[in-house]
Amino acid sequence: MLSILSVLIYITTYIYKILKKLIDTIIFRPDTQKGLEQLQIAFSGMLTKDFTNVGKALKKAKRNLGDIPIISWLEGQFNLMKGNIFNAKAIFFKLSSIEKQTALGAYSLSQINMNNGNIQESLESLKTVINVHPKANIQIKNLVALSIKTKKFDDALHYIKNIKSKKRKQIEGIIYYEKWKITDNSSELKKAYNLLPNIPDVAISYCNKLINSNETKKAKKILEQSFKLFPNIDVFNKYISLYDNKLELAERLINVAPNSWVPYYGIAKLLKDETTYNQSLHYLIKAYQLNSYDFIAKEIQNLLPLIKKDESNIPEIDLSKTISVKLKWICNECSKESNNWISICPKCLALASYEFTEITEESLLPVDFIQTPL
């Protein structure tokens, strides 16, 4: 008896739903104003993250306004906010296949896929967006970055033509540099250097290629130019390794970048290795005068015990106040830090975004040797 009653209740409920839907269809008249009001309620709820009425409001908005793209897009975004990524992707995929004017679905799919590391799917979605909006600068940059990551360098060079950016040449240089890593083609590396002469990694790679081709003199000029644009300890070390007369080469870099602490610091380290401590101290002090960084001050402190006071006229220097510094490459888009230059930011996919930064803060360094400043 109980089972029969349950079946009757189920059938009655089912028939009621069908009749209600039929009556609603016959009697219901879409109201644009009500639809817009419900759309506003849904949108406000998503902005404030009060999801109580968002779902119902979206259904009512769709009922009054029809299945328009903006409602489908909001439904997808609502699912994303609730963590229902699978449902969101399904909605955006359906939207991208039927809606061709704004590419809302394809754009949202590309964002989801990029966040989840689905590079190939991101590429396809971004291509759809670019077909609709060929001047969408951010999407073009992302497409170029993903093309480089998937080693589709010709595609990257094709899409870069539409990029409007002051860094367009640098981005092109990155494409050639990354392509060289795969092909080992010297012409690609040369193009990369011509576009990125101030990047130490590129300059050193190009010089290694020249040295292997017995073009050491040309490599020497390349490194001098690179050091002039950006005095860097890696370029310094590569430069002094070209010939046996390391000290003479190092001294030459002072003339190339006279206002930089780098050549003085590099020479001091070179002299210390040769146990020429007095001269090493002289260059360290000069480096410290140009930039009173804590690591230079510590080098001076470490060197002082190695110098015999009766054999050396120790110059006066005040090490009581130094600047604590971190030398980092930082992405100017998302602020991710790195010890080395990176062509494509691994976090935000920005191209040519890493800039060398000296992060400093004043600090007191405890010292045993304090005298009047020079």
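This report walks through a helix pair, a hairpin and some cysteines in a predicted model.

Residues are numbered from 1 along each chain as its sequence is written. Because the model is predicted, local features need pLDDT of at least 70 and side-chain atom pairs pLDDT 80 or more, while totals for chains, interfaces and linings use all residues, and side-chain values use heavy atoms, leaving out hydrogens and water.

**The helix pair**

Let's start with helix α16 (residues 261–273) and helix α17 (residues 277–290), whose axes come within 8 Å and cross at roughly 160°. Helices here are DSSP runs of H or I with at least four residues, strands are runs of E with at least two, and both are numbered from the N terminus. Axes are lines fitted to C-alpha atoms, for helices over the stretch in contact, and angles run from 0 to 180 degrees between N-to-C directions. The crossing angle therefore makes α16 roughly antiparallel to α17 (the label applies to angles over 145 degrees). Which residues of α16 meet α17? Among them are W261, Y264, Y265 and L271, and the residues they meet in α17 include Y277, Y283, L284 and L290. Contact means heavy atoms within 4.5 Å.

**The hairpin**

Further along, strand β1 (residues 321–331) runs antiparallel to strand β2 (residues 337–338), and two bridges join them. Strands pair if DSSP finds at least two bridges between them. I330 stands opposite E337 in β2. Five residues lie between the strands of this hairpin, where S335 takes a positive phi near 70°.

K336 also sits in the loop between β1 and β2. Leaving aside residues up to four places away in sequence, K336 touches W329, I330, C331, C345, P346, K347 and Y354. K347 is 11 residues from K336 along the chain, yet their C-alpha atoms are separated by 7.3 Å.

**The cysteines**

How many disulfides does the structure hold? It holds zero, a disulfide being a pair of cysteine sulfur atoms within 2.5 Å. The table shows two cysteines that are in no disulfide.

| Cysteine | Nearest cysteine sulfur | Distance |
|---|---|---|
| C331 | that of C348 | 3.7 Å |
| C348 | that of C334 | 3.7 Å |

Are these residues buried or exposed? C331 counts as buried because its relative accessibility is 1%, whereas C348 is partly exposed, with a relative accessible area of 26%. Buried means under 20% relative accessible area, exposed over 50%, and partly exposed in between, using a 1.4 Å probe and protein chains only.

Note on methods: Parallel < 35°, antiparallel > 145°, perpendicular 65-115°, else oblique.
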